[in-house]
Amino acid sequence: MFYVKVENNVKIAVYDLNPDACKTVLMIHGWPLSNKIFEYQKRFLVECGYRVITLDLRGFGNSDAPAWGYDYDTLARDIYKVVCKLNLHYFTLIGFSMGGAIVLRYMNNYDGYGVEKLILLGAAAPSFTSFEGFPYGVSRDSVDELIRLAKTDRAKFSKNFSEKLFYRPHSEEIKNWFYDISLSASGIGTVETGYSLRDERGMEDLCSVRVPTGIFHGKKDDIVPYELGVIQHEYIRGSKLFTFENSGHGIFYDELKKFNQQLLNYLRS
């Protein structure tokens with residue numbers, strides 16, 4: 001692990017595995033987690049010859065947790081600073097959940113700088129919440145309740161999240177692991193990105209994508225509804241939608257072997 005300094009000396013924790021490999025993937029986690037969620041993809045992709053870079057978004061994992069900067073524009077700018085610092089070109093950008101919405105903002109704000117291929121995993125885009133004219137996603141009231149719980153009982157918030165993440169049965173130890181990852185986030189990062197999840201709109205982000213895009217979404221996703229993946233497929237020109245019939249939001253774990261193989265296949269396509 002090393003740090004990349006972005007604006008106002010905020011330090012972003014970066015993890016760079018197999019840096020001499022020819023092909024690179026950059027993976028962005030979701031809310032309220034960290035780079036650790038990709039444990040079972042990092043090793044697999046390194047063994048398949050890829051350079052795998054992950055980071056902790058500001059407010060999460062080992063990155064700094066300033067009092068500001070949790071809007072998608074700032075979070076996308078942090079990614080851009082890391083990409084420039086590492087001099088990345090022709091890489092695949094992968095975003096999970098809120099991370100999917102943030103990488104879409106990156107594609108829009110920076111014209112997809114350096115990105116050869118895009119992969120969205122249960123992406124919370126174009127809007128996590130429903131609003132007038134957009135009857136999809138989850139209700140604003142339900143997100144307000146999540147934010148309220150994160151403010152008053154973040155331990156319970158994290159426990160509830162870990163229970164809802166999966167569709168298939170998993171051991172208590174695995175659910176506890178995700179609970180610990182969630183609880184490792186800063187309180188301010190959890191709450192402030194909760195507001196961004198509730199309020200950000202990203203239809204223009206979808207329309208800005210001009211690279212091959214794979215959309216991986218669990219049919220049984222109770223956190224980011226599958227219908228959002230269908231909308232992404234409709235608006236991202238030439239995209240491919242990969243449906244995981246027996247996966248919830250934790251798409252990278254519910255059908256782990258199938259997911260890893262389809263991810264590899266798409267990277268190689």
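Predicted model: local features only at pLDDT ≥ 70, side-chain atom pairs only at ≥ 80, totals over all residues.
Residues are numbered from 1 along each chain as its sequence is written, and side-chain values use heavy atoms, with hydrogens and water left out. Local features need pLDDT of at least 70 and side-chain atom pairs count only at pLDDT 80 or more, whereas totals for chains, interfaces and linings use all residues.

An open sheet of mixed pairing is formed by 8 strands in the order β1-β2-β4-β3-β5-β6-β7-β8. Strands (E, at least two residues) and helices (H or I, at least four) are DSSP runs numbered from the N terminus, and two strands pair if DSSP finds at least two bridges between them. The edge strands, β1 (2–5) and β8 (240–244), each pair on one side only. From one strand to the next, the twist averages 25°; axes are lines fitted to C-alpha atoms, for helices over the stretch in contact, and angles run from 0 to 180 degrees between N-to-C directions.

Strands β6 (residues 115–121) and β7 (residues 213–218) run parallel and are joined by 4 bridges. T213 in β7 is the bridge partner of L118. Helix α3 (residues 98–109) packs on the sheet, where β3 (23–28), β5 (91–96) and β6 are touched (contact means heavy atoms within 4.5 Å). The direction of α3 makes about 140° with that of β5.

Among the elements supplying at least two residues each to the lining of the largest pocket are α4 (140–152) and α5 (154–164). The most is given by α4, with 6 residues.
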